[in-house]
Amino acid sequence: MSKDKYLRLIQEQRNSSKKEKFNGNFLDYLELLEKDPNIAQHAHKRLYNAICDHGIVKMDDGDSRKRNIFNSENINLYQYFSKEFFGMENVIEKVMKYLKGGSLRGEESRQVLLLMGPVGAGKSALTEHIKKAIDGLPYYHIKDDPQRGEPLQLLPRALRDNFENMLGAKIDGDLSPIARHLLLDSYGGRYEDVEIVESTFSQRGRRGIASVPPMDANSQDVSVLIGSEDISKLDKYSEDDPRVLNLTGAFNVGNRGIVELIEVFKNEIEFLHTIITATQEKRVPAPGKHDMVFFDGVILAHCNESEWNRFKSEHTNEAILDRVVKINVPYILELSQEQKIYEKILDRSDFSAHIAPHTIKIASMFSVMSRLKPTGKCDLLTKMKIYNGEEVIEKGRVKKIDIKDLKEEHRDEGMKGISTRFIMKSIDHALCESENNCITPIGVMKSLTRMVKEQIIEEDFREKCLEIIQKTVREEYLRILETEIAKAFITAYEEQAQSLFDTYLDNAEAHTTNNKIRDRITGEERKADDNFMKSIEEVIGINGSAKEGFRKDVTAYMFAKMRRGVKVEWSSYEPLKEAIESYLINSVKDMARIVTKSKTRDDDQKQKYSDMVQTLIDDYGYNETSAEEILTYASNNLWRDS
Ligand SMILES: Nc1ncnc2c1ncn2[C@@H]1O[C@H](COP(=O)(O)OP(=O)(O)OP(=O)(O)O)[C@@H](O)[C@H]1O
Ligand SMILES: [Mg+2]
């Protein structure tokens, strides 16, 4: 009986979620508060603590990003965000600073947090996630109070000092007009008897979390923010009777929690005046002839740069500007982190296609480079690599360009360029075009090119984008592809590379220290093999006198590593890694070219070809279709001039 099965599940869930909820009067509440003063936290503090409770760790010293990207600064990683947001550590740190200030009742508790950045930079996603931090958490309030106010507000002013001392909690604000009416009317002013209930914050239930979408000038109505008067009740009660109030505006609902103002500056300015009092005085107007009502909440807003600039340029908006903590949310400029964004989005979608190696990387390279501003210090590709914390090798040396210097050249970098949504759409398009439920860098480059041509209107930017895809990204991809195919022709690539590396080190060490080499197997002694070393050095353009320095550097590096007891991997020293890689690849290049390009292969070539394809599938993550596709592309585009 399948019905029973479902019913059982439903009942189990219902029983397990049915927790005893608090139900008592104000005195019971005070008793509860004595045990845990935290239940009466103000909004900023509650949110700050809710996020911190998930854990804060310092970025690990061993994390190469700390050294290469963050200049070895101590970066806090808030674990609540780390699985969702990538490369945004600085933005999150600023948000948390704001909340911390607010939690200590600093000026931040009377300011709006404004996230400003280009489309698709993650402002909405970040705000959603922040709201989720309190969604489901319990809080206590006066029964039937639409503002769900803090019960301690029942205490008259004269007693508050006393209670604050006894409870160790601070008491802010006043009852809502409706709660006050209840107190007088139903309890005869005996506040100790007032019923207190436990609720949970809920965005969907409009409890403690409210969102205000932007509204056009015609439909814009301030009742969305502060509630309205119920006209039908106006014949029953007088105009100043609180019972005519419908306190259902965002500032009523979001009291004690969060009010989000989506795309805030799309609204007319009059609409926003409520923000001024909500922040500074922690009170908002009530509809009609009623007194202002208390509001304690975190106000989160977001907007785009152009709206911000327009708003800022009007000097009549100064009052609001003064009440805003603006945090820029730029696009990600770090390739590895940009890739993670798409991996996350794809992971969460129903996307089941095969994604060939480098596909996401190629798309991310394009978006990152489209956001970078040119520099006189290096080309765009190099800049992207440096921003990604990579070592760029030039003539056997790590190129010395400081990431900090590059970043200081343009402080507002990342506010323009290709958006995350653009990339996601082009990945989707590439998939739709594919006949085999498979996407490759080639398909993605095609679809990016088409989308740029169709959708980017601004001429200069379109040209820049086309140049990036059709030249920079394409050439870089061909380099990656050439290496990969050649590697796949080499049996036991890693072992061969390691053995070359070891041999080179033995020779370089003997050469530098003027010693002989002892053969690792036979124990025989011989002189350092200059020709062998040269053959490796030459592939990366180290000739003549430069080789002495290179050999010294390698030896010094190796000794330093060995002193620390670290195993020296062939790939650990970037300049030599590159030399060995190129050396190995050169050794099979001709064969790779001939075997891949030729239409007719002899038996030996056939075997080599199918072994190579198998390696691409087994070790490099291709499937048959994608391997086929990239090999065709390689034979048409690589090895042209040889
Ligand atoms: N750094 C990031 N880490 C993780 N995901 C990100 C990041 N940046 C953007 N995203 C993802 O990109 C998508 C688009 O982001 P979002 O809708 O939040 O952008 P937005 O800044 O609100 O844009 P708009 O101004 O157009 O509203 C979301 O799915 C979001 O999760
Ligand atoms: Mg948005």
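Which residues of helix 27 are buried? They are Ser-626, Ala-627, Ile-630, Leu-631, Tyr-633, Ala-634, Ser-635 and Asn-637. Buried means under 20% relative accessible area, exposed over 50%, and partly exposed in between, with a 1.4 Å probe and protein chains only.

This is a predicted model, in which local features need pLDDT of at least 70 and side-chain atom pairs count only at pLDDT 80 or more, while totals for chains, interfaces and linings use all residues. Residues are numbered from 1 along each chain as its sequence is written, chains are lettered from A and ligands numbered from 1 in the order in which they are written, and side-chain values use heavy atoms, with hydrogens and water left out.

**Helix 27 and its surroundings**

Helices (H or I, at least four residues) and strands (E, at least two) are DSSP runs, numbered from the N terminus. Helix 27 has 14 residues, and from its first C-alpha to its last it reaches 20 Å, close to the 20 Å expected at 1.5 Å a residue. The expected span is 1.5 Å times one less than the number of residues. An α-helix has 3.6 residues a turn, so residues three or four places apart point the same way.

The cover over the buried residues of helix 27 includes strand 15 (354-355), strand 18 (438-439), helix 20 (441-455), helix 21, helix 25 (574-597) and helix 26 (603-620). At the start of helix 27, a side-chain oxygen of Asn-623 comes to within 3.2 Å of the backbone nitrogen of Thr-625.

His-354 belongs to strand 15 and is buried, with a relative accessible area of 18%. A polar atom of its side chain lies 3.4 Å from the backbone nitrogen of Asn-623. The side chain of His-354 also makes a polar contact with the side chain of Ser-626, at 3.0 Å. A polar contact is a pair of N or O atoms within 3.5 Å; within protein, one must be able to donate a hydrogen and the other to accept it, and residues adjacent in sequence count only if both atoms are side-chain atoms. Leaving aside residues up to four places away in sequence, His-354 touches Asn-437, Cys-438, Ile-439, Gly-621, Tyr-622, Asn-623 and Ser-626. Contact means heavy atoms within 4.5 Å.

Gln-605 is part of helix 26. This residue is buried, with a relative accessible area of 18%. Its C-alpha atom is separated by 6.0 Å from that of Val-595, 10 residues apart along the chain. Among the residues that Gln-605 touches, not counting those up to four places away in sequence, are Ile-594 and Thr-600.

**Aromatic rings**

A search of the whole structure finds 14 aromatic pairs. Rings of Phe, Tyr and Trp (its six-membered ring) pair if their centres lie within 6.5 Å; planes under 30 degrees apart count as stacked, over 60 as edge-to-face and the rest as tilted. The pair of Phe-265 and Trp-308 is tilted, because the planes stand at 40°, with ring centres 6.1 Å apart. This pair links distant parts of the chain, 43 residues apart: Phe-265 is in the loop between strand 10 (258-261) and helix 12 (273-280), and Trp-308 is in helix 13 (residues 305-313). Phe-265 and Trp-308 are both buried.

Tyr-477 and Tyr-633 also form a tilted pair, with centres 6.2 Å apart and planes at 40°. Tyr-477 lies in helix 21 (residues 459-489) and Tyr-633 in helix 27 (residues 624-637), so the pair ties together parts that are 156 residues apart in sequence. Tyr-477 counts as buried at 0% relative accessibility, and Tyr-633 counts as buried at 14%. Elsewhere, ring pairs link Phe-22, Phe-26, Tyr-29, Tyr-140 and Tyr-191 into a cluster.

Charged side chains also sit over rings. The charged end of Lys-344 is over the ring of Phe-85, 5.4 Å from its centre. Arg-601 lies over the face of Tyr-609, at 3.7 Å from the ring centre. The criterion is NZ of Lys or CZ of Arg within 6 Å of the ring centre and within 35 degrees of the ring normal.

**Ligand 1**

Of the 20 residues around ligand 1, Gly-120, Lys-123, Ser-124, Ala-125 and Arg-421 come nearest. A residue is near a molecule if one of its heavy atoms lies within 4 Å of it.

| Residue and atom | Ligand 1 atom | Distance |
|---|---|---|
| Phe-86, backbone N or O | nitrogen | 3.0 Å |
| Lys-123, polar side-chain atom | oxygen | 2.8 Å |
| Asn-304, polar side-chain atom | oxygen | 3.3 Å |
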